[in-house]
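This briefing is meant to be read with the sequence and the 3D view side by side. Take one topic at a time, and find each named residue before moving to the next.

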Amino acid sequence: MGVGVGVGSAIEQSLVTIHDIATENLGTLCISQLYRPLQVPLNSERFESSRQKADLAASILQEVGIIRHGGLSDALAKGLLTDEYINGARILALNLTNGAVQSYVWWVKGGHDKLTETQRYEEEGLQIGKKPAHSYPWFDDESSTPTLRSPKFAPSPPNNYYKGWWTYPYFSCSLSRWLVSYSIAIPPSGRHGLRGFISVDIDVSSLRVNQCDAPPYRFSSSSSSTPPHLLRQSTVRRATAATVAASYDVESIRDLQAFHSSHKCHRASMVCDYRQPSSESTTISGAKLLPGMISGSSSSWSRGSYQCLCKRGYYSLRHPDGFNGTIMEIAWQEHQDNISNYYTDVFKCLPCAPGCDTCTGPEPCLANYHWPFRISLLTISIGCACGTLVLLCYLFKHRRVKVFKVASPIFLMITLIGCAIMYLEPNDNGTPVGRIKDKRTMAKACE
């Protein structure tokens with residue numbers, strides 16, 4: 001239970017961070033902290049080819065050394081940018097004793113287009129003779145965390161061997177992009193007292209935060225180290241994965257799966273429907289949030305990008321077209337903080353009247369019983385029937401009276417029994433008024 005609560009708390013805090021970055025809080029956050037990491041991992045299977053290239057570059061540097069081949073480090077960093085996903089690559093040479101930077105190369109793409117020319121990047125936080133800034137989400141000091149298993153890095157997928165570690169997704173204020181990095185620590189060769197460090201950046205701004213329910217999706221990936229006797233099985237698995245992928249919505253593959261099922265719709269009466277966020281969002285009070293970063297490539301990184309629609313058999317008079325997800329998120333948070341009860345009292349769908357499959361209001365689909373009138377008629381009928389039975393007993397007792405004897409007591413008793421049966425007979429031909437769904441049919445029955 002503790003793990004589930006921890007994961008849920010991490011998701012909620014990450015959603016708050018996304019909301020703050022997408023609204024007017026962005027400027028304040030970027031002044032105090034240049035990188036805003038989330039607390040939920042990204043499914044790195046989609047970038048498997050990029051990871052393999054980074055591992056290969058790390059293996060090359062580990063074999064030939066990093067100090068004697070500075071030109072090689074520069075060439076490898078530029079070569080990593082040929083990958084369609086990688087838009088930044090850096091290789092650092094660190095002093096083995098104090099962890100200070102001896103040299104570094106950092107290359108980035110000039111734009112979002114993978115064909116854009118690359119350019120060298122100068123970073124103020126990386127200075128020769130000093131340790132890299134601790135604020136970098138892609139770097140951690142190997143002397144304090146030899147295995148790089150620090151809170152900055154996400155857990156590796158099970159049954160997979162990685163040379164390095166993936167970071168959590170983070171927002172870069174300088175680039176105005178959502179990024180994820182893959183970092184590898186290169187062990188020292190033992191001759192020069194230097195160790196290497198490779199890190200590549202991948203732009204994930206095109207992914208989307210979909211909080212609605214969705215089935216999990218596994219990307220088809222093939223490892224270059226697959227043994228020969230498993231190649232046929234790998235081919236079959238790739239073919240099966242391709243078939244499964246064809247059945248998925250193309251847009252759903254771009255989802256950040258960690259945020260699935262994190263919507264705030266009432267699950268018993270509502271269903272979540274993902275909506276691409278617009279440039280403006282609305283709050284409970286009717287005010288509009290600042291556009292912030294809800295534009296361009298990062299428009300899909302927004303909290304509350306969905307509509308809460310009433311399920312079949314439920315309705316809402318105030319919001320017949322659904323509830324805005326941003327409003328539901330704010331109302332839910334205010335309910336958690338005991339600020340208001342809008343979430344439970346106002347933003348909800350009500351059940352339809354009995355017998356209604358669909359409805360737009362509380363109007364009944366079945367005709368209602370008029371119980372006072374029906375009870376009064378029933379009382380009168382039972383009273384008359386009881387009176388008839390009393391007359392029947394009186395007639396039987398005085399059947400030898402001359403007046404009754406002349407009129408045939410048997411015939412009179414049969415007549416009284418018939419009257420009692422008629423009083424107790426239903427007056428709607430066996431069709432209860434409450435079961436008539438069509439008002440026109442009910443009117444004809446009343447006639």
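Helices are runs of at least four residues that DSSP assigns to H or I, and they are numbered from the N terminus. With that numbering, Y423 has its place in helix 10, and several of the points below are located in the same way. The model is a predicted one, and the values that follow were computed from it.

**The chain as a whole**

- The protein chain holds 11 helices and 13 strands, and among its 447 residues the buried ones make up 41%.
- If we take the contacts between residues at least 6 apart in sequence, 65% of them join residues that are at least 24 apart.

- R195 is found in strand 8, and it counts as buried because its relative accessible area is 4%, while the cut-off for buried is under 20%.
- Although R195 and I66 are 129 residues apart along the chain, their C-alpha atoms are separated by 7.5 Å.
- P216 sits in the loop between strand 8 (194-203) and helix 5 (231-247), and with a relative accessibility of 63% P216 counts as exposed.
- From P216 to S252 there are 36 residues in sequence, and the distance in space, taken from C-alpha to C-alpha, is 9.7 Å.

**Disulfides**

- How many disulfides does a search of the whole structure find? The search finds five, and three of them, including the link of C212 and C272, are described here.
- The disulfide that joins C212 to C272 has an S to S distance of 2.0 Å, and with -60° about the S-S bond this link is left-handed.
- That pair links distant parts of the chain, since C212 lies in the loop between strand 8 and helix 5, C272 lies in strand 9 (residues 270-274), and the two are 60 residues apart.
- Are C212 and C272 buried or exposed? Both C212 and C272 are buried.
- A disulfide also joins C352 to C359, with an S to S distance of 1.9 Å, and because the torsion about its S-S bond is about -85°, this disulfide is left-handed.
- C352 is buried, with a relative accessible area of 12%, and C359 likewise counts as buried, at 18% relative accessibility.
- C356 and C365 form a disulfide in which the sulfur atoms are 1.9 Å apart, and with 120° about the S-S bond the link of C356 and C365 is right-handed.
- Within this pair, C356 is buried, with a relative accessible area of 11%, whereas C365 counts as partly exposed, at 30% relative accessibility.

**The annotated transmembrane regions**

- An unreviewed UniProt entry places the feature "transmembrane region" at residues 375-396 and at residues 403-424.
- In the model, the span of residues 375-396 is 100% helix and 0% strand, and its end C-alpha atoms lie 31 Å apart.
- Over residues 403-424 the chain is 91% helix and 0% strand, with the end C-alpha atoms 29 Å apart.
- Two further cysteines can be looked up here: C393 counts as exposed because its relative accessibility is 53%, and C419 is partly exposed, with a relative accessible area of 30%.

- Which residues make the nonpolar surface patch of about 390 Å²? The patch is made by L378, I382, Y423 and L424.
- Helix 8 (371-397) and helix 10 (409-424) each supply at least two residues of this nonpolar patch.
- Why does Y423 count as partly exposed? Its relative accessibility is 38%, and the class called partly exposed lies between the cut-off for buried, under 20%, and the cut-off for exposed, over 50%.

Technical notes. Residues numbered from 1 in each chain as written. Predicted model: local features only at pLDDT ≥ 70, side-chain atom pairs only at ≥ 80, totals over all residues. Heavy atoms only, no water. Patch = residues over 30% accessible without salt bridge, like charges linked within 9 Å, V, L, I, M, F, W, Y side chains within 5 Å. Areas by Shrake-Rupley, 256 points an atom, 1.4 Å probe, with all protein chains shown as cover. Salt bridge = Lys/Arg side-chain N within 4 Å of Asp/Glu carboxyl O. Buried < 20%, exposed > 50% of the residue type's maximum accessible area, 1.4 Å probe, protein only. UniProt positions renumbered as here; feature names shortened; annotations may be inferred. Disulfide = S-S within 2.5 Å. Contact = heavy atoms within 4.5 Å.
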